Amino acid sequence: MKQQTLEKSKEYKYGFVTDIESVKAPKGLNEDVIKFISKIKKEPKWMLDWRLKAFSRIQNMKEPNWQKPKYPKINYQDLYYYSAPKSVKDKPKSLDEVDPKLLETYKKLGIPLKEQEKLSGVAVDAVFDSVSVATTFKDKLTEKGIIFCSISEAIQKYPDLVKKYLGSVIPITDHYFATLNSAVFTDGSFVYVPQGVRCPMELSTYFRINASDTGQFERTLIIADKGSYVSYLEGCTAPMRDENQLHAANVELIALDDAEIKYSTVQNWYPGDKNGKGGIYNFVTKRGACRGKNSKISWTQVETGSAITWKYPSCILQGDNSVGEFYSIAITNNYQKADTGTKMIHLGKNTKSKIISKGISAGYADNTYRGLVDINKKALNSRNFTQCDSLLMGNKCGAHTIPYIKNKNHTSVVEHEATTSKINEEQLYYCNQRGLNQEEAIGLIVNGFCKEVLQQLPMEFAVEAQKLVGISLEGSVG
Amino acid sequence: MLEIKDLKASINKKAILKGLNLTIKPGELHAIMGPNGSGKSTLANILSGKEGYEISGELNFNGESIKEISVEKRAQKGIFLAFQYPLEIPGVNTNNFLKTSLNSVRKARGEKELDTLSFLKLIKKTSYELGIDEGILSRQLNVGFSGGEKKKNEILQMKILNPKLSILDETDSGLDIDAIKIVAKGVNTLRNDKKSFLIITHYQRLLDYIKPDFVHVLSHGKIVKTGCSELAQELEKTGYKKIN
Ligand SMILES: Nc1ncnc2c1ncn2[C@@H]1O[C@H](COP(=O)(O)OP(=O)(O)OP(=O)(O)O)[C@@H](O)[C@H]1O
Ligand SMILES: [Mg+2]
């Protein structure tokens with residue numbers, strides 16, 4: 001690779017800490033802490049019972065250890081499970097009531113909540129540590145009967161919907177992190193789109209970890225009723241810290257007959273420094289159920305941050321003719337590790353799934369695609385197409401593709417293609433000859449490599465994501 | 001403009017250029033001919049700053065040594081190389097590539113970057129002038145382009161970037177007559193008393209349309225003969241055997 005000094009790579013842009021007084025639960029994982037969380041959120045008893053059930057189950061569970069990235073043992077008793085800015089004791093009713101310090105924080109992150117409400121057509125739910133601090137565009141959405149609020153609010157205001165669907169895609173005892181989340185989840189978003197309604201704007205949640213020694217346990221639930229459509233996007237950042245922080249989210253999507261959910265993620269948690277110190281452990285369970293016939297769920301993820309990313313956004317294709325899609329870009333640089341992919345479980349007839357995964361690895365990083373395509377006996381005439389491409393920069397990083405394929409009937413077809421390549425020096429030379437510097441050239445080539453996935457993102461975010469792809473690889477050559 | 005003195009270059013211990021001297025003044029157009037494997041592309045690559053060669057000798061551009069200068073800096077200073085084999089870059093839109101490239105060069109020259117609209121106007125006008133079909137501009141860079149389309153795209157880029165020194169490495173090879181005329185037009189419309197050209201070719205045909213000031217024969221890593229445009233005609237008849 002070209003030997004040349006690059007401009008000092010830019011620091012992680014979102015690494016600042018907001019100095020704000022917070023209310024915390026006592027450290028540690030126990031019944032009292034769970035009761036504390038439930039109480040501070042004014043939850044009904046059924047919710048507390050649900051949490052306690054999860055907590056009792058977790059005692060005999062073990063963390064998964066089949067994934068490639070290994071990490072030092074997490075001391076779950078040494079974490080805070082709840083931290084919230086003091087000023088958000090009761091969620092502000094409007095943006096004018098939100099603590100200016102918080103508004104300033106989101107502005108610095110590129111999400112000027114106040115201006116955005118006027119200018120762009122995106123509704124935002126802003127989650128700061130363990131609480132949602134603001135949700136914009138509520139009125140406009142309410143007109144259409146769309147519910148977009150924090151999950152805490154939904155538990156109080158729409159208990160029937162929450163009771164019916166929470167845990168219906170990710171069972172309480174699914175695996176260690178999912179169960180942990182079920183016990184201690186703090187905030188996240190809730191979306192319900194009524195029958196026949198097309199959500200008129202992008203819905204988006206922005207997650208921010210601020211407090212130290214704190215785990216973030218996000219819980220998001222999206223329900224698209226018959227014939228409805230919604231596009232949802234989440235973004236995330238965290239301060240630069242030397243210790244690792246845990247983010248263990250559960251996200252459940254439910255699409256009923258003829259409904260469609262498009263879920264996009266731009267994950268930019270703090271990745272750790274260039275020697276691999278610090279960074280977020282991003283252990284996430286995301287699962288969608290295409291419960292109705294002709295329904296569709298499409299996951300798009302751009303994973304550039306985190307020290308370790310461990311997530312497999314999946315689709316359970318229950319309804320006949322339902323469609324599941326997974327588009328992924330995972331970029332790992334320096335000492336980052338990613339083990340990510342999807343599960344497509346075909347249960348209904350004529351179900352289709354498509355998987356496009358682009359893994360890019362640089363520095364000493366390690367990048368694994370792990371995916372399952374499982375076509376059930378009764379899922380006649382089903383189809384899957386999988387394409388996994390890996391791009392390597394330099395020779396100290398790794399890329400792995402681990403597809404599991406189970407096709408249990410004779411009328412279904414599974415196609416799998418995979419490529420691994422090194423970044424092409426001749427292409428770089430060609431770009432350089434046209435005046436592009438090394439980083440511009442890499443940004444361009446990598447964006448080209450990821451194009452199929454990038455073009456799935458809502459327009460408002462595609463440009464940001466493209467820049468992020470370039471920035472994440474800064475300093476990866478030379 | 002360009003001054004090459006006693007240039008020796010080797011790759012993996014294999015000597016390719018063995019003491020090459022060449023001076024190109026502003027406004028001059030030089031053609032280089034020579035047998036396959038004689039080192040023509042190597043010379044072009046080295047002028048553009050490609051890594052991987054062991055080099056000795058002098059390499060000056062506008063009175064400044066460029067030996068230690070990176071590929072992109074040389075490009076920004078106004079050296080352009082039309083590749084013998086232009087690279088395919090999947091997923092990258094040709095228009096977008098050209099715009100990024102032009103703006104990098106403009107930025108380096110201290111000029112204002114062009115916004116999308118002005119760029120599109122410029123590229124439309126330029127491709128029309130040269131007679132290049134705009135269709136290729138909305139496609140992925142060189143992906144699935146025919147050999148001729150790739151070469152035309154190189155000429156379009158040259159025109160847009162408006163370099164001081166243009167090096168064309170066998171841009172005419174494999175082109176039909178109309179396409180050769182496009183290449184010639186690209187060169188001739190850029191040509192003025194300040195700009196210089198180094199045209200590597202195997203055929204007299206291109207030189208019918210762009211009259212060179214000098215023709216050099218490169219053989220075994222050295223310039224073994226220099227003449228004016230008649231030399232090219234002679235070579236077309238007799239080949240390189242007599243010269244060696
Ligand atoms: N990377 C390399 N490793 C070893 N030898 C090389 C390398 N690159 C070029 N060469 C050799 O250097 C010599 C000159 O090559 P070059 O491409 O410059 O020739 P050329 O004059 O452009 O030929 P042509 O007319 O066929 O394009 C050839 O013998 C070629 O095989
Ligand atoms: Mg050649």
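Author: Ser41(B) is partly exposed, because its relative accessibility is 22% (buried means under 20% relative accessible area, exposed over 50%, partly exposed in between, with a 1.4 Å probe and protein chains only). This is a predicted model, so local features need pLDDT of at least 70 and side-chain atom pairs count only at pLDDT 80 or more, while totals for chains, interfaces and linings use all residues. Residues are numbered from 1 along each chain as its sequence is written, chains are lettered from A and ligands numbered from 1 in the order in which they are written, and side-chain values use heavy atoms, with hydrogens and water left out.

Now the metal. Ser41(B) coordinates the magnesium ion, ligand 2, through OG. Helices (H or I, at least four residues) and strands (E, at least two) are DSSP runs, numbered from the N terminus. Donors are N, O and S atoms within 2.8 Å of the metal (3.2 Å for Na, K and Ca); water is not among the atoms, so sites may look incomplete. Is Gln84(B) buried or exposed? Gln84(B) counts as buried, because its relative accessibility is 16%.

Next, ligand 1. How many residues surround ligand 1? The shell holds 15 residues, each with a heavy atom within 4 Å of the ligand. Ser41(B) is among the closest, together with Gly37(B), Lys40(B), Thr42(B) and His202(B). By class, the shell divides into 3 nonpolar, 9 polar and 3 charged residues. Here Ala, Val, Leu, Ile, Met, Phe, Trp, Tyr, Cys and Pro count as nonpolar, Asp, Glu, Lys and Arg as charged, and the others, Gly among them, as polar. Helix 1 of chain B gives the largest share, 3 residues.

From Gly37(B), a backbone N or O atom lies 2.8 Å from an oxygen atom of ligand 1. From Thr42(B), a polar side-chain atom lies 2.5 Å from a ligand 1 oxygen. From Glu170(B), a polar side-chain atom lies 3.2 Å from an oxygen atom of ligand 1. On its own, ligand 1 has 640 Å² of accessible area, and the protein covers 65% of that (Shrake-Rupley method, 1.4 Å probe). Two elements of chain B give two or more residues to the shell: strand 2 (14-24) and helix 1.

Elsewhere in chain B, Val187(B) lies in helix 6 (residues 177-190). Val187(B) is buried, because its relative accessibility is 0%. Its C-alpha atom is 9.8 Å from that of Ile199(B), 12 residues away along the chain.

Now chain A, and its rings. Over all chains, the count is 21 aromatic pairs. Rings of Phe, Tyr and Trp (its six-membered ring) pair if their centres lie within 6.5 Å; planes under 30 degrees apart count as stacked, over 60 as edge-to-face and the rest as tilted. One tilted pair is Trp66(A) with Tyr312(A), at 5.7 Å centre to centre and 50 degrees between the planes. Trp66(A) is in the loop between helix 2 (45-58) and strand 2 (83-85), and Tyr312(A) is in the loop between strand 15 (308-311) and strand 16 (314-317), so this pair ties together parts 246 residues apart in sequence. Trp66(A) is partly exposed at 47%, whereas Tyr312(A) is buried at 11%. The rings of Tyr232(A) and Tyr263(A) also form a tilted pair, because their centres are 4.9 Å apart and their planes meet at 35 degrees. Tyr232(A) is in strand 9 (residues 229-237) and Tyr263(A) in strand 12 (residues 260-267), 31 residues apart. Tyr232(A) is buried at 0%. Tyr263(A) is buried at 0%.

Last, a charged side chain. Lys286(A) lies in strand 13 (residues 279-290) of chain A. Lys286(A) is buried, with 3% relative accessible area. A polar contact of 2.2 Å joins its side chain to that of Glu234(A), and another, of 3.3 Å, reaches the side chain of Thr265(A). A polar contact is a pair of N or O atoms within 3.5 Å; within protein, one must be able to donate a hydrogen and the other to accept it, and residues adjacent in sequence count only if both atoms are side-chain atoms.
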